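User: I'm new to this one and would like to get my bearings. Can we go through it together?
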Amino acid sequence: MNQIRLQLIYPEEKVKEPVICMVCKNFQVVINIRTAKVTKDTGILTVELDGPEEEIEKAIRFMEEFGVIVQPIEGQIFTE
């Protein structure tokens, strides 16, 4: 299993969308929400994604295409 820590920034129009749920249902990853600050205007989450590297990459691509800004934390990359 691989793990990566990310910051997710939701724009106002995506705050009410169940992005995390969709990722868990559509990709073989486990998401652990470490911190979250959600208002009606924005959402900022720190999460850890665990899973096969290919699935993590697909999940990240999905979130970005959905309009969520995805940023690795501390320049972290995949680890075993």
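User: Is cysteine 24 buried, partly exposed or exposed?
Analyst: Keep in mind that this is a predicted model. Buried would need under 20% relative accessible area, and exposed would need over 50%. Cysteine 24 comes out at 35% relative accessibility, so it counts as partly exposed.

User: And how many disulfides are there?
Analyst: A disulfide needs two cysteine sulfur atoms within 2.5 Å. For cysteine 21, the closest cysteine sulfur belongs to cysteine 24 and sits 7.0 Å away, so that's too far for a bond. Cysteine 24 is in no disulfide either. The count comes to zero.

User: Which residues of helix H1 are buried, and why are they on the same side of H1?
Analyst: Helix H1 covers residues 19–26. Strand E1, strand E2 and helix H2 are among what covers them. The buried residues are Val19, Ile20 and Val23.

User: Which element gives the largest share of the largest nonpolar core?
Analyst: That core has 21 residues, and among those touching the most other members are Val23, Leu49 and Met63. E1, H1, strand E3 and H2 each supply at least two residues. The largest share is five residues, and it comes from H2.

User: Leaving aside its neighbours within four places in sequence, what is methionine 63 in contact with?
Analyst: Methionine 63 is one of the core residues that touch the most other members. Beyond those sequence neighbours, its contacts are Leu8, Val19, Val23, Leu49, Val68 and Val70.

Technical notes: Residues numbered from 1 in each chain as written. Predicted model: local features only at pLDDT ≥ 70, side-chain atom pairs only at ≥ 80, totals over all residues. Heavy atoms only, no water. Buried < 20%, exposed > 50% of the residue type's maximum accessible area, 1.4 Å probe, protein only. Helix = DSSP H or I, 4+ residues; strand = E, 2+ residues; numbered from the N terminus. Contact = heavy atoms within 4.5 Å. Core = buried A, V, L, I, M, F, W, Y, C linked by side-chain atoms within 4.5 Å.
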